[in-house]
Structure formats: structure tokens, C-alpha cells
Amino acid sequence: MKIALVGYGKMGHMIAECARSCGHEIAVTVDVVADDASAKVPAGDYEAVARAVKSSGAEGIIEFSHPSAVMGNIKALLPLGIPVVVGTTGWNDRHQEVSDFAASCGGTIMTSSNFSIGVNMLYKIIDEAVKIMEPFSEYDISTWEMHHNQKADSPSGTALEIAKHILANTGRKTEIVTEEFHEKPKPEQLHVSSTRCGAVPGTHTVFFDSAADTIEITHRARSRAGFAMGAVHALERLCNGVKNGNLVKGRLYGMSDLF
Ligand SMILES: NC(=O)c1ccc[n+]([C@@H]2O[C@H](COP(=O)([O-])OP(=O)(O)OC[C@H]3O[C@@H](n4cnc5c(N)ncnc54)[C@H](O)[C@@H]3O)[C@@H](O)[C@H]2O)c1
């Protein structure tokens, strides 16, 4: 498959490597600053991004750019009718808007705040763990994440997704709190905390804590390769699904729809 990469930073480079190792061709790499990108576009010029992708003849697009650019890229790229996988985080609160936009222009898009297979397994483990904990009111629950000091958003999209899985499986937590506390947390508040340090590719922990003990469930990414390979597989499945009619055009899909 001919793949266009929008955003040619740390993830873009890793995805190019993984895609080539799977036998795909990189049709174009689009970026606003990277000197080694094959198409350099002015920041904020999303039509230029779309033109570069269209003229490359790409059959699929993978977008890993910046939270400030992702909505502009999505709105310029979806009308091209080429399936798009978006890995950029920081736009969780705009999924409905993007879903409506996909329906209106007939574009097909798939997103996940974390493409690693291990994290998608973690979500299922958390679902079960929270259900097991539910009758034992002496256990409190919280979640924490740590990433490298270049990450632009916090908490991570993955931490927010973990929080949603916790809320969906307990009646005891109803509110996600990502800010600092100025008073004692209320029992129904779920604390989602973040640390930024060094080069950590991504660590997520859920704590179940009682007076007697702590249970910690941790996913620790070793490198970005797991995210990159997951994004390439997601694009393969999205394109095949559209071709063979298993997936519908004009929809926003998530990882759970594909795997
Ligand atoms: N979903 C996942 O599995 C996953 C995994 C890792 C990172 N991420 C997210 O992916 C995003 C990128 O991460 P990264 O580590 O590659 O960051 P990075 O800063 O190394 O690279 C981002 C690149 O995007 C470029 N860019 C900015 N605006 C652009 C635009 N309009 N068009 C094209 N390129 C543009 C920047 O110049 C930069 O080169 C972040 O939001 C990060 O949180 C997601």
C-alpha cells in the first residue's frame, strides 16, 4: 500500500520504518519543520497538507502531528476520501464533532490514543479488575501516567481512556479529576495524575489501595515501536475493511472496532 505520513517527527519516522518492514511504500512525508520530510508545508496551512497527500497518490494516511494541528489536518484530509488513521492525542473532547464531520463528507477515520496491542489488552484487564474490586468498598482506586518531557498534552489520552474504563465498571467513582486538589478528594472523585520526565515512552498504572495493601497494574512501553506497528496494522485493517465492505465509509472508528 502507498501510505502518506502527516507529521514526520518521532512517531512519523518510526511508522515509516515499520510500514516499510511490512512491505508498504511511503508515498509522502508531510511536516511543518522536519527538514527530511518530502513535503514541507507552512504551519497552519492544512489545504497544503491535503494537496501534498493527494498528489502523492497515497491509498492510506497516518497522522501523528501535534494536538494544535490535528483538527485542521482531519478536516482537510477526510474529504479526500482516503482512509485516515489518527494517532495524535489531545482531542478526546471533539470526537463527536469529528464523527459528524466524517458522516457529512463520507470520509473514513480510525483513531486511538494508544495503538499498542498491550494497552488494548490492559483496558480489558482493568475492566475485569474493577468489577472484582467493586464489592470491596475498603479499596480506593486511582490512575497515574508518566511520559517524556516533550509531550504536549496531559493527562495522556491513554490515561483518560483508562479512567473511562474504570468509571464504566464501578458505581463508586463518577468524576474524573486531572487537576491538583485544594481539599480532600471526595470518594466519588477518580484522580488521574501525570508526571513528565526524561525520555519515558509511556507508563500507565492503576492503583487499588486499601489500609492493608496495594494492587498495581502497570503497562510500560519499552519503545515507540509498539505504537507504530499498531498504527500500520490499523491502517491495513481500515483500508481492507472499506474495500471488502466490512467497514462503512463516513464513520469514526476506534481500535475496538478493528481488533
Ligand atoms: N496514539 C498513539 O498510540 C500514540 C503514540 C505515541 C504518540 N502519540 C501522539 O502522537 C503525536 C505525535 O507524537 P511524536 O512523538 O511523533 O511528536 P513529535 O513532536 O516528535 O512529532 C510531531 C511532528 O508533527 C509535525 N507537525 C505539527 N503540525 C503539523 C501539521 N499541521 N502537519 C504536518 N506535521 C505537523 C511537527 O513539526 C513534528 O515534526 C502526539 O500527540 C503524541 O501524543 C500517540
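These legends go with several close-up views of one predicted protein model and its ligand.

In this predicted model, local features need pLDDT of at least 70 and side-chain atom pairs count only at pLDDT 80 or more, while totals for chains, interfaces and linings use all residues. Residues are numbered from 1 along each chain as its sequence is written, and side-chain values use heavy atoms, leaving out hydrogens and water.

**View 1**
The ligand is surrounded by 27 residues, where being near means having a heavy atom within 4 Å of it. K10, M11, D31, T89 and F115 are the closest. Sorted by class, this shell holds 13 nonpolar, eleven polar and three charged residues. Here Ala, Val, Leu, Ile, Met, Phe, Trp, Tyr, Cys and Pro count as nonpolar, Asp, Glu, Lys and Arg as charged, and the others, Gly among them, as polar. Helix 1 (10-21), strand 2 (25-31) and helix 2 (46-55) each give the shell at least two residues; helices (H or I, at least four residues) and strands (E, at least two) are DSSP runs, numbered from the N terminus.

**View 2. Polar contacts hold our attention here.**
A polar contact is a pair of N or O atoms within 3.5 Å. Look for K151: an N or O atom in its side chain is 2.9 Å from an oxygen atom of the ligand. A backbone N or O atom of S112 lies 3.0 Å from a ligand nitrogen atom, and a polar backbone atom of S113 is 3.2 Å from a nitrogen atom of the ligand. On its own the ligand has 870 Å² of accessible area, and the protein covers 84% of that (Shrake-Rupley method, 1.4 Å probe).

**View 3. Now for the residues marked in a database record.**
An unreviewed UniProt entry places an "active site" at H147 and K151, and the lining of the largest pocket includes both H147 and K151. The entry also places a "binding site" at H148, G157 and T158; H148, G157 and T158 are likewise included in that lining. Such annotations may be inferred rather than shown by experiment. H147 is in strand 7, whereas H148 is in the loop between strand 7 and helix 6.

View 4. Most peptide bonds are trans. P155 lies in the loop between strand 7 (140-147) and helix 6 (157-169).

Conventions: A polar contact is a pair of N or O atoms within 3.5 Å; within protein, one must be able to donate a hydrogen and the other to accept it, and residues adjacent in sequence count only if both atoms are side-chain atoms. On a 1 Å grid over the protein atoms alone, a cavity is a set of points where a 1.4 Å probe fits but cannot get out, and a pocket is an open set with protein on both sides within 12 Å along at least five of seven lines; lining residues have an atom within 4 Å of a point.
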